[in-house]
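Here is a short report to read with the model open beside you. Please keep the sequence and the viewer at hand as you go.

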Amino acid sequence: MYYIGINGSYDLETLEGFPKRVSNLEIENGNIESLEGGPTECEDTYKITLCSNLKSLKGSPITTKKFICTNCSDLHTFEGCPKKC
């Protein structure tokens, strides 16, 4: 199982190609607009912070223990967030 932590990667614009199953995913200061293409299963914590270009939560895992999304100024809806946390 993978733990992925990315901080300050302004070149990161998509989660395409990420593993479909992770134990934890943490992205801070990324340039992503969507979570599509990223992990669909997360065992513990799925955390997205300071990603000011994030416009959609579509592509989030269906279930995770913790879902944290903070300081994403272009995000205006909970549509697409996990169904169970």
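How many positive and negative side chains does the chain have, and how far apart do the centres of the two sets lie?

## Charges and ground rules

The chain carries 9 positive and 12 negative side chains, with 9 Å between the centres of the two sets. Here Lys and Arg count as positive and Asp and Glu as negative, while His and the chain ends are not counted. Each charge is placed at NZ of Lys, CZ of Arg, CG of Asp or CD of Glu.

Please note that this is a predicted model, in which local features need pLDDT of at least 70 and side-chain atom pairs count only at pLDDT 80 or more, whereas totals for chains, interfaces and linings use all residues. Residues are numbered from 1 along each chain as its sequence is written, and side-chain values use heavy atoms, with hydrogens and water left out.

## Overall build

In secondary structure, the chain has zero helices and four strands, so named from DSSP runs numbered from the N terminus (helices are H or I, at least four residues; strands are E, at least two). Read from the N terminus, the order is β-β-β-β. The radius of gyration is 11 Å, close to the 12 Å that the globule rule gives for 85 residues, so the chain is as compact as a globular protein of that length. That radius is taken over C-alpha atoms, and the globule rule is 2.2 Å times the number of residues to the power 0.38. Along its principal axes, the C-alpha trace spans about 25 × 25 × 20 Å.

Of the 85 residues, 38% count as buried; that label means under 20% relative accessible area, with exposed over 50% and partly exposed in between (1.4 Å probe, protein chains only). The chain exposes about 5000 Å², and carbon and sulfur atoms supply 48% of that area. These areas come from the Shrake-Rupley method with a 1.4 Å probe, and for residues only the protein chains shown count as cover. Among contacts (heavy atoms within 4.5 Å) with a separation of 6 or more, residues 24 or more positions apart account for 4%.

## Cysteines

How many disulfides does the rule give? The count comes to zero, where a disulfide is a pair of cysteine sulfur atoms within 2.5 Å. For Cys-69, the closest cysteine sulfur is that of Cys-72 at 3.9 Å, which is too far for a bond. Cys-69 itself is partly exposed, at a relative accessible area of 25%.

Cys-85 has its closest cysteine sulfur in Cys-81, and 7.0 Å is again too far for a bond. With a relative accessible area of 60%, Cys-85 is exposed.

Is Val-22 buried or exposed? Val-22, found in strand β2 (residues 21-28), is buried at 0% relative accessibility. Leaving aside neighbours within four places in sequence, Val-22 is in contact with Met-1, Tyr-2, Ile-4, Pro-39, Glu-41, Cys-42 and Glu-43.

Lys-47 belongs to strand β3 (residues 41-49) and is partly exposed, with a relative accessible area of 28%. Beyond its neighbours within four places in sequence, Lys-47 contacts Leu-25, Glu-26, Ile-27 and Ile-68. Pro-19 is 28 residues from Lys-47 along the chain, and their C-alpha atoms are separated by 16 Å.

## Loop residues

Between β3 and β4 (66-70), the loop holds Thr-63, which is partly exposed with a relative accessible area of 40%. Not counting residues up to four places away in sequence, Thr-63 touches Cys-42 and Lys-84. The C-alpha atoms of Thr-63 and Cys-81 are separated by 9.1 Å, and the two residues are 18 apart along the chain.

Leu-50 is not a glycine, yet its phi is positive, about 55°, and its relative accessibility of 36% makes it partly exposed. Asn-29, in the loop between β2 and β3, is not a glycine either and has a positive phi of about 60°.
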